[in-house]
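This report describes one structure at the level of domains, ligand surroundings and helix packing. Please read it alongside the sequence and coordinates.

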Amino acid sequence: MQIYGPVPSWRLGNSLGVDLVEAPDDHSKICSFDCLYCQLGHDGFKTNKPEKMDISEGDFEALRKKIEETKPDYITFSGEGEPTLNLNLGYAARRIKQMTDIPLAVLTNASFVNNSDVRKGLDYCDLVIAKLDAPNQELFEKINRPYESISLTNITEGIKLLKTNAAIQTLLFSYHGLTNADDETIKEMIEIYNGINKSKPITVFLGTAYRPTDKEGLNPVSEDRLESIASRIAGETGIKVIYYKEADSKTVSRQPKPFELRREISKLLKRRPCTQEDISTRFNNIDVSDILSSLVNDGVIRERTREGKKFYVMCRIN
Ligand code: SF4
């Protein structure tokens with residue numbers, strides 16, 4: 001188990017990341033999908049076999065200390081891949097709930113949510129944020145590029161069976177003529193949201209591909225378009241819709257010792273590209289420019305510009 005952050009999340013405030021899976025050597029992630037827009041790169045290890053991965057007592061003790069030190073708004077299972085690939089997710093959730101009242105969320109691609117053991121684990125969390133980017137199998141396969149046996153219907157039916165709070169997260173974008181943000185696809189998505197919401201009340205989070213990825217030509221949708229899609233979905237379904245707005249980063253009053261800072265920044269960037277401001281606000285607004293320059297000079301990270309903003313990404317991510 002790896003702990004990183006807290007990181008700024010437009011859905012959850014300051015979110016302390018807990019990574020329950022570890023990508024094998026020479027792979028940038030472990031996941032049952034390979035989404036076009038994935039910010040972890042495209043040399044992942046693709047699997048459809050959840051298994052028990054060990055979590056030590058030392059990991060839980062380190063987490064307890066980090067929670068005390070950083071006082072996050074949320075603790076979130078997320079990271080180097082799909083957290084439900086670890087069948088110890090439920091055990092980890094129960095242990096975390098014993099140590100704190102801070103709500104626990106999980107960011108999942110929901111590919112195993114029709115498996116009752118996985119669902120039982122998810123139900124120990126306070127909020128399951130399930131990815132759903134496409135309304136039909138054909139578009140699902142083009143966007144999320146799942147392990148071949150994974151079916152969109154099984155995902156939507158599995159989400160309906162969750163007992164805990166659930167939100168659907170849809171990431172809207174366009175890529176060389178392929179899009180899930182056009183009016184016709186949104187109409188189909190509304191049918192999917194409605195179908196789930198009748199059995200299992202949901203919130204919808206609408207995001208866009210605003211962080212850099214290795215796919216040239218992968219474009220986010222504008223904030224105006226997100227707002228108009230959000231208002232259409234809310235108007236036609238009555239479902240609460242929250243859409244991405246430029247992060248209002250809350251400063252974390254946490255200042256690791258200088259020797260820890262380089263490692264903490266690397267852990268953060270391994271899981272998501274960040275701007276210098278994103279990073280600085282994580283550490284009490286200190287100036288991190290020298291450390292970023294040194295990581296760039298050492299070939300650990302590199303700069304990428306996206307929509308006029310400079311992001312830092314790990315070098316192994318293309
Ligand atoms: S589900 Fe998440 S980690 Fe997996 S490929 Fe998609 S974006 Fe990447």
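## Domains

The model is predicted. Its chain is split into domain 1, residues 2-243, and domain 2, residues 258-314. Between the C-alpha centres of domain 1 and domain 2 the distance is 24 Å.

Each side of the contact contributes 13 residues: 13 residues from domain 1 and 13 residues from domain 2. On the side of domain 1 that touches domain 2, the largest share is from strand β1 (residues 2-9), with 6 residues. This side of domain 1 consists of 6 nonpolar, 5 polar and 2 charged residues.

## Ligand shell

Around the ligand lie K29, C31, F33, D34, C35, C38, L40, G81, E82, N109 and K131. By class, this shell has 5 nonpolar, 2 polar and 4 charged residues.

## Helices α6 and α7

Helix α6 spans residues 183-199 and helix α7 spans residues 223-237. Their axes come within 10 Å and cross at roughly 45°. The handedness of the α6 and α7 crossing is right-handed.

On the α6 side, the contact is formed by I186, I190, Y193, N194 and N197. These meet I229, R232, I233, E236 and T237 of α7. Sorted by class, the contact of α6 with α7 comprises 5 nonpolar, 3 polar and 2 charged residues.

Technical notes: Residues numbered from 1 in each chain as written. Predicted model: local features only at pLDDT ≥ 70, side-chain atom pairs only at ≥ 80, totals over all residues. Domains from an automatic or database assignment. Contact = placed C-beta atoms within 7 Å. Helix = DSSP H or I, 4+ residues; strand = E, 2+ residues; numbered from the N terminus. Nonpolar A, V, L, I, M, F, W, Y, C, P; charged D, E, K, R; others polar. Near = placed C-beta within 6 Å. Axes fitted to C-alpha atoms, helices over the stretch in contact; angles between N-to-C directions. Left-handed = near helix turned anticlockwise from the far one by under 90°.
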